[in-house]
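Here's a quick tour of the charged side-chain pairs in this one. Have the structure open and follow along.

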Amino acid sequence: MKADLIHRYFKELSPLQAEQFEALDALYREWNAKINVVSRKDIDNLYPHHVLHSLGIARIVRFRPETEVLDVGTGGGFPGIPLAILFPEVKFTLIDSIGKKIKVAAAVAEAIGLENCQCLHRNAVEEKHRYDFVVSRAVMPMPDLVALVRKNIHRTQRNSLPNGVIALKGGDISAEMMPFKHCSEVWDLAPLFDHPFFETKKVAYVSIS
């Protein structure tokens with residue numbers, strides 16, 4: 001199976017979740033031939049580089065039911081779609097300012113029957129709703145991201161991790177995390193996923209109070 005890598009780290013998948021993860025390969029290959037949302041040379045690495053990478057957030061926090069999550073700059077649906085598959089009782093809103101990319105995310109979500117995921121062609125500046133968490137994957141430096149979405153984090157807590165911003169990052173991010181040294185944490189993904197891609201990958205978190 002194409003999605004065996006996901007099963008290795010998330011053994012509790014239901015049959016429906018397993019089918020949804022498995023379906024991503026053909027769907028992204030089909031769409032990527034029309035609209036380049038994943039690097040053409042990287043499509044063979046869809047599961048480690050995109051799906052499992054997105055799920056790195058799930059190794060840090062297990063979102064509780066009814067949690068609301070905003071994925072900013074989702075592109076073709078990362079990290080939002082893999083997370084929405086894994087957490088069917090969590091509400092995900094995926095936004096991107098590039099219409100053709102969010103079109104792909106919406107089509108993939110519809111094709112696999114994701115009922116907890118809405119995909120909107122929208123700039124983060126325009127987004128008014130408040131969420132428990134904002135997630136993102138290497139969209140912009142953390143200070144810029146926090147400044148952009150601070151308005152979108154509401155104050156009611158429903159998870160063990162306080163509400164805030166969670167971003168997938170790579171390399172040395174010490175400088176961009178410096179402004180948040182008293183309200184942040186960074187986790188290395190290398191000890192969590194036994195794959196060379198994750199050697200320099202991290203999950204960065206900033207609490208918004």
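Start at lysine 34, which is exposed at a relative accessible area of 53%. Keep in mind that this is a predicted model. The salt-bridge count comes to nine, and a few of those pairs are picked out below.

**Lysine 34 and its partner**
- Lysine 34 pairs up with glutamate 30 in a salt bridge, at 3.8 Å from N to O.
- Glutamate 30 counts as partly exposed, with 45% relative accessibility, whereas lysine 34 is over the 50% cut-off for exposed.

**The arginine 29 link**
- Arginine 29 and aspartate 44 bring their side chains together in a salt bridge, with 2.8 Å between N and O.
- Since arginine 29 belongs to helix H2 (residues 15-32) and aspartate 44 to the loop between H2 and helix H3 (46-54), this pair ties together parts that are 15 residues apart in sequence.
- Arginine 29 is partly exposed at 32% relative accessibility, while aspartate 44 is exposed, at 60% relative accessible area.

**A pair with a buried member**
- Which residue does glutamate 127 meet in a salt bridge? Its partner is arginine 122, and the N to O distance is 2.7 Å.
- Glutamate 127 has 2% relative accessibility, so by the under 20% cut-off it counts as buried.
- Arginine 122, on the other hand, is partly exposed at 29% relative accessibility.

Terms used. Residues are numbered from 1 along each chain as its sequence is written. This is a predicted model: local features need pLDDT of at least 70, side-chain atom pairs count only at pLDDT 80 or more; totals for chains, interfaces and linings use all residues. Side-chain values use heavy atoms; hydrogens and water are left out. A salt bridge is a side-chain nitrogen of Lys or Arg within 4 Å of a carboxyl oxygen of Asp or Glu. Helices (H or I, at least four residues) and strands (E, at least two) are DSSP runs, numbered from the N terminus. Buried means under 20% relative accessible area, exposed over 50%, partly exposed in between (1.4 Å probe, protein chains only).
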